[in-house]
Amino acid sequence: MAFVITSKCVATCDTACIDVCPVDCIAGPIPLDGLRAVPLGERGLRFPGLQMFIDADECTDCGACAAECPVDAIVPDNQASAADVVRNAAFFGR
Ligand code: SF4
Ligand code: SF4
């Protein structure tokens, strides 16, 4: 099993999950430095639809990211929609 980031991340995208992942398997389509340079409240407007994704092949199922997410966007894959599972995998080319 792995964790999946759902579309609840969109418009929040505070990157808190990235800081706590022990295996560095969370990423997004925009370089982290560039994203963090934009104030939290402006990210939704600057980057419409932006969210982070989890690489299921690397995720160790520790749950640290889910505990950190302020909008409960991160769930085990067996509790996520098929669309969210596919979108996370597709980001990593799978
Ligand atoms: S469950 Fe753990 S290993 Fe998997 S993405 Fe979250 S923090 Fe990283
Ligand atoms: S902690 Fe939640 S809202 Fe923040 S980037 Fe990660 S998934 Fe998105």
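Q: Why is Asp84 called buried?
A: Asp84 has a relative accessibility of 10%. Buried means under 20% relative accessible area, exposed means over 50%, and partly exposed lies in between (1.4 Å probe, protein chains only). Asp84 therefore counts as buried. This is a predicted model, in which local features need pLDDT of at least 70, side-chain atom pairs count only at pLDDT 80 or more, and totals for chains, interfaces and linings use all residues. Residues are numbered from 1 along each chain as its sequence is written, chains are lettered from A and ligands numbered from 1 in the order written, and side-chain values use heavy atoms, without hydrogens and water.

Q: What makes Asp84 and Arg87 a salt bridge?
A: Their side chains meet at 3.0 Å, N to O. A salt bridge is a side-chain nitrogen of Lys or Arg within 4 Å of a carboxyl oxygen of Asp or Glu. The pair therefore qualifies. Asp84 and Arg87 both lie in helix α5, 3 residues apart, about one turn of the helix. Helices (H or I, at least four residues) and strands (E, at least two) are DSSP runs, numbered from the N terminus. Arg87 is partly exposed, at 32% relative accessible area.

Q: How many salt bridges does this rule give?
A: The count comes to 4.

Q: Why does the salt bridge between Asp19 and Arg36 tie together separate parts of the chain?
A: The side chains of Asp19 and Arg36 meet at 2.8 Å, N to O. Asp19 lies in helix α1 (residues 16-20) and Arg36 in helix α2 (residues 32-36), so the pair joins parts 17 residues apart in sequence.

Q: How do you know the exposure class of Asp19 and of Arg36?
A: Asp19 has a relative accessible area of 56%, so Asp19 is exposed. Arg36 has 35%, so Arg36 is partly exposed.

Q: What makes Arg94 and Asp57 a link between distant parts of the chain?
A: Their side chains form a salt bridge at 2.9 Å, N to O. Arg94 sits in the segment after α5 (82-91), and Asp57 in the loop between β3 (53-54) and α4 (64-68). The two are 37 residues apart. Arg94 is partly exposed at 49%, whereas Asp57 is exposed at 53%. Asp55, Asp57 and Arg94 are linked in a network of salt bridges.

Q: How many cavities of 30 Å³ or more are there?
A: There are 2. On a 1 Å grid over the protein atoms alone, a cavity is a set of points where a 1.4 Å probe fits but cannot get out, and lining residues have an atom within 4 Å of a point.

Q: Which ligand takes the space of the largest cavity?
A: Ligand 2 does. A molecule sits in a cavity if more than half of its atoms lie within 2 Å of its grid points. The cavity lining has 15 residues, with Cys9, Asp14, Cys17, Cys69 and Pro70 nearest its centre. Residues surrounding ligand 2 include Ile5, Thr12, Met52 and Ile74.

Q: What takes up the second largest cavity?
A: Ligand 1 does. The lining has 14 residues, and Cys21, Cys25, Cys59, Cys62 and Cys65 lie nearest the centre. Ligand 1 is surrounded by 13 residues, the closest being Cys21, Cys59, Cys62, Gly63 and Cys65.

Notes
A residue is near a molecule or strand if one of its heavy atoms lies within 4 Å of it. On a 1 Å grid over the protein atoms alone, a cavity is a set of points where a 1.4 Å probe fits but cannot get out, and a pocket is an open set with protein on both sides within 12 Å along at least five of seven lines; lining residues have an atom within 4 Å of a point. Grid points are joined across faces, edges and corners, and a volume is the space filled by probe spheres set on the points.
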